[in-house]
Amino acid sequence: MASRSQFKQQRNKENRETRPHATHKFARISDRKARIVLEEVKGKGVIQAQALLQYSPRYGAYLIGKVLKSAMANAEENHSLNTAELYIEEAIANQGPTLKRIQPRAKGRAYRINKRTSHITIILNER
């Protein structure tokens, strides 16, 4: 009879992502702002996406550029893929935990400031 940990290991093997990918967790940018940049690069080749991100004025483009570079390195190192033939198959920005801060206001009041975070994931594939 198999133990519980063996069942868990088997289940995790089945659910593991086989495509090259990279994730930036707890990125200090809201998921909505990150998605705007991700929509621009989704489906494009990695070389073209890098060029777009390099000249985009948004802060999210800087963070996503770093994630894309990591995903490309993972594809080359772990999967032995040619980076020239890769494209961005999936680009996801999920909401992370929110840092709740307080802004003092007049008459002893306090306003809430939500500093949002996100989890940015890029999954690549070969054409």
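Student: Why is R32 called exposed?

Tutor: Exposed means over 50% relative accessible area, buried means under 20%, and partly exposed lies in between, with a 1.4 Å probe and protein chains only. R32 has 67% relative accessibility, so R32 counts as exposed. As for its place, R32 is in helix α2, residues 31-41, where a helix is a DSSP run of H or I with at least four residues, a strand is a run of E with at least two, and both are numbered from the N terminus.

Tutor: A word on provenance: this is a predicted model, in which local features need pLDDT of at least 70 and side-chain atom pairs count only at pLDDT 80 or more, while totals for chains, interfaces and linings use all residues. Residues are numbered from 1 along each chain as its sequence is written, and side-chain values use heavy atoms, with hydrogens and water left out.

Student: What makes the contact of E89 and R19 a salt bridge?

Tutor: A salt bridge requires a side-chain nitrogen of Lys or Arg within 4 Å of a carboxyl oxygen of Asp or Glu. For E89 and R19 the N to O distance is 2.5 Å, and therefore the pair meets the definition of a salt bridge. E89 lies in strand β2 (residues 86-95) and R19 in the loop between α1 (4-15) and β1 (21-27), so the pair ties together parts that are 70 residues apart in sequence.

Student: Why do E89 and R19 count as partly exposed?

Tutor: E89 counts as partly exposed because its relative accessibility is 27%, and R19 receives that label because its value is 22%.

Student: Which residues are linked with R19 in a network of salt bridges?

Tutor: The network links R19, E89 and E90. E90 forms a salt bridge with R19, their closest N and O atoms being 2.9 Å apart. This pair links distant parts of the chain, with E90 in strand β2 and R19 in the loop between α1 and β1, 71 residues apart. E90 has a relative accessible area of 29%, so E90 is partly exposed.
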